[in-house]
Amino acid sequence: MKVLIDTNILLDVILLREPHFELSKRVLQCCQSIVDGYIAVHTFSNMFYVLHETEDFSIEDSMQHQSSIACKLDYIVTRNVDDFEKATVPAVTPEEFLKLVHAEK
C-alpha cells in the first residue's frame, strides 16, 4: 500500500499535539515497516512555515526570509521591498542590486 502523509500528521508528532499525537505516531510507524509512506516536497516548506510562523510576513515571504537567514545571505532581491520591511536581511530592488554589484567591481 502507498499513502501520502499530510503535513498535519507530521506536525502532530513533532509538536506532540493532543489528542492527535498517538494515532499520527502510529501512522508514521506503519510507514516504517508496513506501507510505503510518501511526503510531498512542499510539505517541508509548509512545516517550516508553521514552525516559524510570524504575523510580519506572508507564507512565501516568511520562507524567503528564513532561507536568507539560514544561508547567511547579504540581500533579498525582490520587486516587493515593502514585503520585507521587517526582515533582518535587507531587501533590495533589481535596480538597487545591479547598482550594488557594479559598485563592487
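Guide: A salt bridge is counted where a side-chain nitrogen of Lys or Arg lies within 4 Å of a carboxyl oxygen of Asp or Glu. The model is predicted, and side-chain atom pairs count only at pLDDT 80 or more. By that definition Glu 22 and Lys 25 form a salt bridge, with their closest N and O atoms 3.7 Å apart. Both residues belong to helix α2, which spans residues 21–33; they are 3 residues apart there, and therefore separated by about one helical turn. Glu 22 has 41% relative accessibility and so counts as partly exposed. Lys 25 is also partly exposed, because its relative accessible area is 28%, and the range for that class runs between 20% and 50%.

A search of the whole structure finds 2 salt bridges. Besides the pair in helix α2, the side chains of Asp 12 and Arg 17 meet in one, with an N to O distance of 2.9 Å. Here the two partners fall into separate classes of accessibility: Asp 12, at 6%, counts as buried, whereas Arg 17, at 29%, counts as partly exposed. As a general point, side chains of opposite charge can pair when their charged atoms come close.

For the nonpolar side of the picture, the largest nonpolar core has 6 residues: Phe 57, Ile 76, Phe 84, Ala 87, Val 89 and Ala 91. Leaving aside neighbours within four places in sequence, Ala 91 has contacts that include Ile 76, Phe 84 and Glu 96.

Note on methods:
Residues numbered from 1 in each chain as written. Predicted model: local features only at pLDDT ≥ 70, side-chain atom pairs only at ≥ 80, totals over all residues. Heavy atoms only, no water. Core = buried A, V, L, I, M, F, W, Y, C linked by side-chain atoms within 4.5 Å. Buried < 20%, exposed > 50% of the residue type's maximum accessible area, 1.4 Å probe, protein only. Contact = heavy atoms within 4.5 Å. Helix = DSSP H or I, 4+ residues; strand = E, 2+ residues; numbered from the N terminus.
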